[in-house]
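Subject: Structure handover

Hello,

Here is the structure for your files. Please look it over, then read the notes below.

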Amino acid sequence: AREGPRGLGESLPHTPAPAIEDDDCLASIALFRHPRLHPSLRYCLPVLVLTTALLFICSNAGEGALVRLAVTADGKSVVDLPPVFAFSLISSVRDMWHGGVYPL
C-alpha cells in the first residue's frame, strides 16, 4: 500500500534527546565551546554583539533634537540664543518614567 502525506492527527516519530552524562558533553553545549565552530567566529561573535550594543546605546544617548528660538530682523539673525530645550531618547524615557508612564 502506498503511504500518503501525514494527516493532522498523526504525529511525527519522537526521538528522545541524548542523555548528558559527562563533563565533556556539558562543555560542548554552549556555542562558544562547540568543537565544530571555527575559532575566528568563536571570538568575533561576542565582540560583534557587544559592539552592536554599544553603538545602540551611543546612538540613543546623544541629543535627538534641539528646540531653538531665532530672533531675526530683515532676514538676519539679531540674537544668538542658546537652545530652549534639548532631548534624546534616554531623556524622554526618563521623563516619562518620572511622570508615571511606566513601560508595559
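R42 touches F32, H34, P35 and L37, leaving aside residues up to four places away in sequence; contact means heavy atoms within 4.5 Å. R42 sits in helix 2 (residues 39–61). Helices (H or I, at least four residues) and strands (E, at least two) are DSSP runs, numbered from the N terminus. R42 is buried, at a relative accessible area of 18%. Buried means under 20% relative accessible area, exposed over 50%, partly exposed in between (1.4 Å probe, protein chains only).

This is a predicted model: local features need pLDDT of at least 70, side-chain atom pairs count only at pLDDT 80 or more, and totals for chains, interfaces and linings use all residues. Residues are numbered from 1 along each chain as its sequence is written, and side-chain values use heavy atoms, without hydrogens or water.

Now the strands. Strand 2 (residues 70–73) and strand 3 run antiparallel, joined by four bridges; two strands pair if DSSP finds at least two bridges between them. V71 stands opposite V79 in strand 3. Two residues lie between the strands of this hairpin, and D74 takes a positive phi near 55°. Strand 3 has five residues and zero are buried, so strand 3 lies largely in the open.

F85 belongs to strand 4. F85 is partly exposed, with a relative accessible area of 42%.

Regards
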